Amino acid sequence: MGRLRGFRRPQPFLRGLIVLVPVVVLVCVVIIVMMVASGSHRNDGGVQPCTLGAKCEAEEASLYGTRTEAPGPGQWAGASGGGFVVGFEHPGTSIAWAVADVPASGSHDLDIRYSNYRGQDDHLGTRTLTLTVNRDTKQIQLPTTQGWRAWSDFLVSGVELAEGGNTMKLEFADHDTGRVNIDFIRIY
């Protein structure tokens, strides 16, 4: 076959790019689709910081492997705000809040509104999550509620906050049992 006039074969480097670029794009699309399908969600943009005394809704925090559910007439009715957070199904899943405008360093109480009933593992009983405030960690034990619609409050005393900004996270750590729903937190 003759050579087309005005058309040159691409150099080896360009041929590699012609093949590589679509593969990279395809891999990125697959990763994004898998994250969306698994319910993983990170809600960083435009999140209002949590302040002392305010009800800090879980669905407005930063979510890592967890997801938001909307309250309704079904199994999980009764949550406050626009929803609540589920998905503490395996180690590494978490929810985090930025706590702002703390006037002075000191000890505070933390109220966690949650529900804990029979999970997908068919276990009914107290469940654990790890609370991390800045760099301090503490395992918390959330007793069983009367059902997924029966929200309860768990009080954690002696939460040390620094003046100014802080970070607070609830995580299903390696030593935890997870599988609870979180509605909101409030710091006093």
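**Salt bridges and an open sheet**

The structure contains seven salt bridges, a salt bridge being a side-chain nitrogen of Lys or Arg within 4 Å of a carboxyl oxygen of Asp or Glu. This is a predicted model, in which local features need pLDDT of at least 70 and side-chain atom pairs count only at pLDDT 80 or more, while totals for chains, interfaces and linings use all residues. Residues are numbered from 1 along each chain as its sequence is written, and side-chain values use heavy atoms, with hydrogens and water left out.

**View A. The salt bridge between R179 and E89.** The closest N and O atoms of R179 and E89 are 3.4 Å apart. This pair connects distant parts of the chain, 90 residues apart: R179 lies in the loop between β10 (164-171) and β11 (181-187), and E89 in the loop between β4 (84-86) and β5 (94-102). Strands are DSSP runs of E with at least two residues, numbered from the N terminus. R179 is partly exposed at a relative accessible area of 21%, and E89 is partly exposed at 29%; buried means under 20% relative accessible area, exposed over 50%, and partly exposed in between (1.4 Å probe, protein chains only).

**View B. The salt bridge between D183 and R113.** Here the closest N and O atoms are 2.4 Å apart. The two residues come from distant parts of the chain, D183 from strand β11 and R113 from strand β6 (residues 106-115), 70 residues apart. D183 is buried, with a relative accessible area of 0%, and R113 is buried at 18%.

View C. R127 is buried at 1% relative accessibility, whereas D121 is partly exposed at 36%. Through salt bridges that share partners, E89, D121, R127 and R179 are joined into one network.

**View D. The open sheet of five strands.** The strand order is β2-β5-β10-β7-β8, with antiparallel pairing; two strands pair if DSSP finds at least two bridges between them. β2 (62-64) and β8 (136-142) are the edge strands, and each has a single partner strand, so one side of each has no neighbour in the sheet. Neighbouring strands are turned by 20 degrees against each other on average, direction ignored, with axes taken as lines fitted to C-alpha atoms.

**View E. The pairing of β7 with β8.** Strand β7 (residues 127-133) pairs with β8 in the antiparallel sense over seven bridges. T128 has Q141 in β8 as its bridge partner.

Conventions: Helices (H or I, at least four residues) and strands (E, at least two) are DSSP runs, numbered from the N terminus. Axes are lines fitted to C-alpha atoms, for helices over the stretch in contact, and angles run from 0 to 180 degrees between N-to-C directions.
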